[in-house]
Amino acid sequence: MTKTHEIATEQAVVSRFYDRLDELRALFRARLAAVRKSGPSGSPQNRSERDAFAALYEDRANQLDAIEDRLCFGRLDADDGATTYIGRIGLTDAEHRPILTDWRAPAAAPFYRATAAHRLGIWRRRHLTVERRKVVALEDDLLDVDRPAGVELAGEGALMAALSQGRTGKMHDIVATIQSEQDRIIRSEVPGALVVQGGPGTGKTAVALHRAAYLLYSHRDRLSKSGVLIVGPSRTFLRYIDQVLPSLGETGVVSTTIAGLVPGMAITAVDTPQAARVKGSTAWLRIIENAVRARERVPAADEVISIDGVQVVIRRDDIAGAIAKARRRHKPHNEARLTFVKEMLRVLTDQYLVADGQSPDSEFRGVVSEDLRTNRNVRRALNIAWFPITAEDLIADLFAKPHRLEQAAPMLSPAERDAVRRERGAGWSVDDVPLVDHAWQLLGPIDDGSRDRDAEREREQAVAFARDVLDGSGAGGGIVDAETLASRFSAGRVGGSTADRATHDRDWVYGHIVVDEAQELSAMAWRSLIRRCPTRSFTIVGDTAQTSSAAGTRNWEHRLARPFGHNVHIETLTVNYRTPAAISDLAVRVARAAGLRVSTLTPARDVPDAIRIEPTGPGASLTAALRLGVAEAAKLADGTVVVITSQAPSARQWLAQYAKTNAGLHDLTRISVASAQDVKGLEYDVVVIDEPAAILSGPGGAADLFVALTRATRRLVVSHSADLPAGFALPHPGR
Ligand SMILES: Nc1ncnc2c1ncn2[C@@H]1O[C@H](COP(=O)(O)OP(=O)(O)OP(=O)(O)O)[C@@H](O)[C@H]1O
């Protein structure tokens, strides 16, 4: 058969898959519309079934809508004559016979694993390149050279084609070209923490995301209820990866940064390396506990308070007893405070009634207790003894008030305590987030009654709705009243998707957590994550050579031993799929010369003229870099350019001004400006680095320069007026 015929044959198959996809989309949309049309009436059971079906149809319709490009990308031909088509999702025909196999199904594994040496019963693996529903190319890997094939051998053509494409600013899935070392990790059933260590561009992020999709597929029952959390280094990074899982048909995943773990904390401050190191230590588990305990204290002396001429004494012994009683409840501080206050009010009410000549069982007991509760002096005295406080206030106080920190943190040296000193209102840093998170666990929310009021309002609405249902349907008949019905409604309520509920619940426990750029996490940040997944089912990806945070790690075993014990399995990726060989080699040389312990990197490809070094006059490097960036962007037919500089704010101003004065002259949408920190985990077609020596001597040091040097998929341009750091000398200098 000629190649054209082969393509036509495959086109017929692929068109059938798209027809079926369209049919299913229409089917689920119609079902969803029908369920929604049935309205809110019906028995409570009908109503909750209706909600469940609506959620199911909506999920499936959304999933089918998200799948469009490259629905089918592969075909396996087995020795026994069977043919299997591999796609992003599985499809069955109208008679429920499988026609397309999900890439995550066991039957699809040979597509990624089979080699000539280990054929796994497969003689041909075919890559289909499909653009807008049209089959445009075929590439075959013949695993049994004795078998004839109609088309020429294509080897790694599909992979190379994928790697050479212009970048769009969004990460794409790699489902059609996953390599076998990556597939092993994606499908790994390792319990506990699976660490994927690898140099830049080795596909760690891609592997982590595909593993999340794989786990959601193969452990759907468990994970669809608990959900998967993805933790990335920045919001920009999360935006960069946000299409990957939907394109694989998975929409129910929550993503966040460490900073985003505590809602409402705006990160505006940056810690010194010394402060970051101190704040990352698990000594804070004890320090914060001490700080909370310091808000539960027996006063120095008894206090006499007069209420309407009757005297009551707030006795130290009574306070000590009430504190002990409240602590025995093992509830968070703000919640346990209710027990403390209740106990003190009981004691004070007794005192008052006796002092007023009444019996302790007096019918006025309730009134007296309420008077005491609302009395300003009583309130103040009880607050001093058991202070209601938010997590943010507790931590801000520790930083701002040296005596409080000294009291809570005797294990820190005076220099360490000084390092974390910060005025109130000076803003939060990312290293503060795990501390506030831990404080929140020990404190809980302050109960100001608003939660009760909200719950009460919600309940009133539920009862009103239940009454309507009873009136409208004639159901109940004295067997069930509106209140009971309302309770049943709320018990069986469908409260949005798992991802929605997880996002809004601070105590949510996930079934699995994926952590990217995990080398940056401090020991305290690991605590925050473990609390969100106590089963310790984690995929952890990172590169210890790229660590820039002083609180991060350079050794996985060391950092993960405490939170995970022996449950840590480390895998390594070595092939660099991103950077052309010349750039990859340069980056490794510079990093090693700067003292980084860089993992071995084997570049998957090279491109000619990948490096250009541009010396400039003193002080002219940044402007030169920006001009070079603009020129590179003008040359690109597709793709993105970034100028990485330690002076990002000035560079942004320059670019904005340039855009104004050269309006219409250049398309500046392809070019952006960033610091080395900003580009962690990201990639661009062309990278222009301004003054590498300045990045090397900046806060992130060699790791930041290594990150900057490894972002380019096509070309690296270096602008410098200062001497280049060691390792830059090119074996064959670029122009
Ligand atoms: N099997 C593959 N097929 C096609 N593209 C791949 C494959 N593996 C990785 N890539 C591509 O290589 C690039 C680098 O991958 P990725 O960002 O996952 O690397 P990384 O190891 O996380 O890098 P870094 O440490 O710099 O963040 C991406 O464009 C990714 O799509």
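The buried residues of helix H23 pack against strand S8 (228-232), helix H10 (273-280), helix H11 (283-293), helix H19 (433-443), strand S12 (512-515) and helix H24 (556-564). Helices (H or I, at least four residues) and strands (E, at least two) are DSSP runs, numbered from the N terminus. A residue counts as buried if 20 or more other C-beta atoms lie within 10 Å of its own, as exposed if 12 or fewer do, and as partly exposed in between; the C-beta atoms are placed from the backbone. The buried ones are Ala523, Met524, Ala525, Trp526, Arg527, Ser528 and Leu529.

This is a predicted model: local features need pLDDT of at least 70, side-chain atom pairs count only at pLDDT 80 or more, and totals for chains, interfaces and linings use all residues. Residues are numbered from 1 along each chain as its sequence is written.

Now the whole chain. Its secondary structure comes to 29 helices and 21 strands. Of its 735 residues, 39% are buried. Two residues are in contact if their C-beta atoms, placed from the backbone, lie within 7 Å. Among contacts between residues at least 6 apart in sequence, 74% join residues at least 24 apart.

A residue is near a molecule or strand if its C-beta atom, placed from the backbone, lies within 6 Å of it. The ligand is surrounded by 22 residues, and the closest are Pro200, Gly203, Lys204, Thr205 and Tyr577. Helix H4 (157-164) and helix H6 (204-218) are the elements that give two or more residues to this shell. By class, the shell has 8 nonpolar, 10 polar and 4 charged residues. Here Ala, Val, Leu, Ile, Met, Phe, Trp, Tyr, Cys and Pro count as nonpolar, Asp, Glu, Lys and Arg as charged, and the others, Gly among them, as polar.

An unreviewed UniProt entry carries the annotation "binding site" for Gly198, Gly199, Pro200, Gly201, Thr202, Gly203, Lys204 and Thr205. UniProt positions are given in the numbering used here, feature names are shortened, and annotations may be inferred rather than shown by experiment. Take Gly198, which lies in strand S7 (residues 193-198). Gly198 is buried because 25 other C-beta atoms lie within 10 Å. Leaving aside neighbours within four places in sequence, Gly198 is in contact with Lys204, Asp543, Thr572, Leu573, Thr574 and Ser599. Gly199 sits in the loop between S7 and H6. Gly199 is buried too, with 27 other C-beta atoms within 10 Å.

Helix pairs come next. Two packed helices are described by the angle between their axes and the distance between the axes. Axes are lines fitted to C-alpha atoms, for helices over the stretch in contact, and angles run from 0 to 180 degrees between N-to-C directions. Helix H12 (residues 316-328) and helix H13 (residues 333-355) pack at about 145 degrees, with their axes 8 Å apart. In this pair, Asp318, Ile319, Ala322, Ile323, Lys325, Ala326 and Arg327 of H12 meet Ala336, Arg337, Thr339, Phe340, Glu343, Met344 and Val347 of H13. By class, that contact has 8 nonpolar, 1 polar and 5 charged residues.

H13 also packs with helix H14 (residues 365-374), at an angle of about 115 degrees and with the axes 9 Å apart. Leu345, Leu348, Thr349, Tyr352 and Leu353 of H13 make the contact with Arg365, Val368, Ser369, Leu372 and Arg373 of H14. This contact has 6 nonpolar, 2 polar and 2 charged residues.

Pro106 is in the loop between strand S4 (98-102) and helix H3 (109-113). Pro106 is exposed, with 9 other C-beta atoms within 10 Å. Ala726 is in the segment after S21. Ala726 counts as partly exposed, with 13 C-beta neighbours inside 10 Å.
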